[in-house]
Amino acid sequence: MLEIPREAEKTSLKGSKSDGIVREARECVQESWEYDRDNREESATDLSFLAGYQWPEDVKRERTASGRPMLTVNRLPQFVRQITNDIRQADLAIKVSPEEDTDKNLAKTYNGLLRLIQYKSSAKHVFSTAAEHQAGCGIGWFRIVNKYMDDDAFDQELRIEGIRNPLAVFCDPASIMPDRSDAMWMLVTEMIPRKAFKRKYPKASEVSIDAPRDETGRPFFWATDDAVRVAEYWRKVPVTRTIALLEGGQTVDITKMGEAAAGILPIKMTREVQTHRVEMYLVSGAEVLQGPIDWPGKHIPIIPVIGGEWPLEGKTYRYSAIRFARDPQQLYNFYRTATAEAIA
């Protein structure tokens with residue numbers, strides 16, 4: 001869960017606006033799931049196979065009732081490790097390359113800052129975990145967060161953090177860029193035990209954000225009465241900015257200065273820019289728990305690591321490294337089990 005800077009904390013919204021944000025978050029979750037439903041269900045099956053749940057339910061019931069063996073010789077993790085072990089051993093890092101010779105010193109400064117951020121974030125582990133999800137179920141995620149350097153300090157620093165559950169992220173289905181930088185909204189959901197939720201938000205209603213449902217009303221995500229689902233709702237809010245070109249060639253934002261800027265700055269020309277700002281709300285199923293919290297960047301700080309993708313009939317088919325090995329794996333289990341039965 002994102003750590004909220006103290007000076008960015010704001011009183012929870014009340015009334016109709018709070019209801020509107022919660023309703024908007026619910027609608028976005030449902031929209032994302034309906035568009036990406038096939039990929040999500042296949043990814044969940046991939047993860048189940050990696051965990052060793054490989055026998056069909058009807059076969060399990062039949063064999064359990066008759067006392068027949070069910071051997072699971074799980075060979076799928078080794079194929080994932082063939083990919084991820086090389087990634088773990090590689091020197092993965094974010095680096096800056098200068099475009100001109102005059103930028104070399106600036107690039108060195110940026111690279112030093114980036115090395116510090118990645119070292120303190122254990123970024124190598126974050127990247128390799130996202131790659132395991134990428135190879136194992138077709139998609140992984142990590143994020144950028146800002147945290148206080150110490151409990152007694154006001155200075156903040158950036159960190160790179162992993163997202164433990166790759167299926168907890170719901171992305172704008174209209175985004176098509178490989179890094180999803182064009183997404184207008186994203187959500188990250190989390191199940192919190194009710195006792196922990198009550199301690200953290202003593203005045204909040206213990207109502208979960210709605211889980212996505214199909215046309216039969218069946219919830220896609222497993223839920224429990226002992227936990228409350230909350231969601232980080234990230235969105236881009238359209239804004240209009242006024243920028244000015246100064247006589248010296250610099251470009252400055254004069255949106256807040258208004259007409260007074262003309263008497264203060266040597267302005268050569270101005271123009272309006274249609275852009276956006278990024279904000280986050282932490283919501284439950286009943287209310288806004290925290291927010292709005294402004295993010296000091298122009299992109300939502302949640303980054304995907306995507307496996308294979310193919311455009312197919314207006315949608316995108318996403319697959320993992322083991323997607324087409326599931327049926328051979330089941331067949332292998334049947335063969336080994338049949339062999340054991342014959343020997344017995």
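The model is predicted, so local features need pLDDT of at least 70 and side-chain atom pairs count only at pLDDT 80 or more, while totals for chains, interfaces and linings use all residues. Residues are numbered from 1 along each chain as its sequence is written, and side-chain values use heavy atoms, with hydrogens and water left out.

Stay on Arg159. Is Arg159 buried or exposed? Arg159 is buried, with a relative accessible area of 13% (buried means under 20%, exposed over 50%, partly exposed in between, with a 1.4 Å probe and protein chains only). Leaving aside residues up to four places away in sequence, Arg159 touches Ile117, Lys120, Ser121, Arg143, Ile144, Val145 and Lys147; a contact means heavy atoms within 4.5 Å.

**The three-stranded sheet**

Arg159 belongs to strand β2. Helices (H or I, at least four residues) and strands (E, at least two) are DSSP runs, numbered from the N terminus. Now select β2, β1 and β9, which in that order make an open sheet of three strands with antiparallel pairing. β2 (156-162) and β9 (302-306) stand at the edges, each with a single partner strand, so one side of each has no neighbour in the sheet. From one strand to the next the twist averages 20°.

Strand β1 (residues 139-148) runs antiparallel to β2 and is joined to it by seven bridges; two strands pair if DSSP finds at least two bridges between them.

Move to strand β3 (residues 169-171), which pairs antiparallel with strand β4 (residues 185-193) over three bridges. Cys171 has Met186 in β4 as its bridge partner. Nine antiparallel bridges then link β4 to strand β5 (residues 227-246), where Val228 is the partner of Ile192.

Follow β5 to β7, its antiparallel partner over 16 bridges; Leu246 stands opposite Ile267 in β7. β7 and β8 form a hairpin with four residues between them, and five bridges join these antiparallel strands.

**The cores**

Which residues have the most contacts inside the largest nonpolar core? Select Trp141, Met186, Phe197, Trp234, Leu289 and Ile302, in a core of 24 residues. A nonpolar core is a set of buried Ala, Val, Leu, Ile, Met, Phe, Trp, Tyr and Cys residues joined through side-chain atoms within 4.5 Å. Two or more residues come from each of β1, β3, β4, β5, β7 (267-283), β8 (288-295) and β9. Apart from this core lies another, of 15 residues, including Val29, Trp33, Leu187 and Ala231.

**The whole protein**

Finally, show everything: nine helices and eleven strands. Of the 344 residues, 38% are buried.

Note on methods
Axes are lines fitted to C-alpha atoms, for helices over the stretch in contact, and angles run from 0 to 180 degrees between N-to-C directions.
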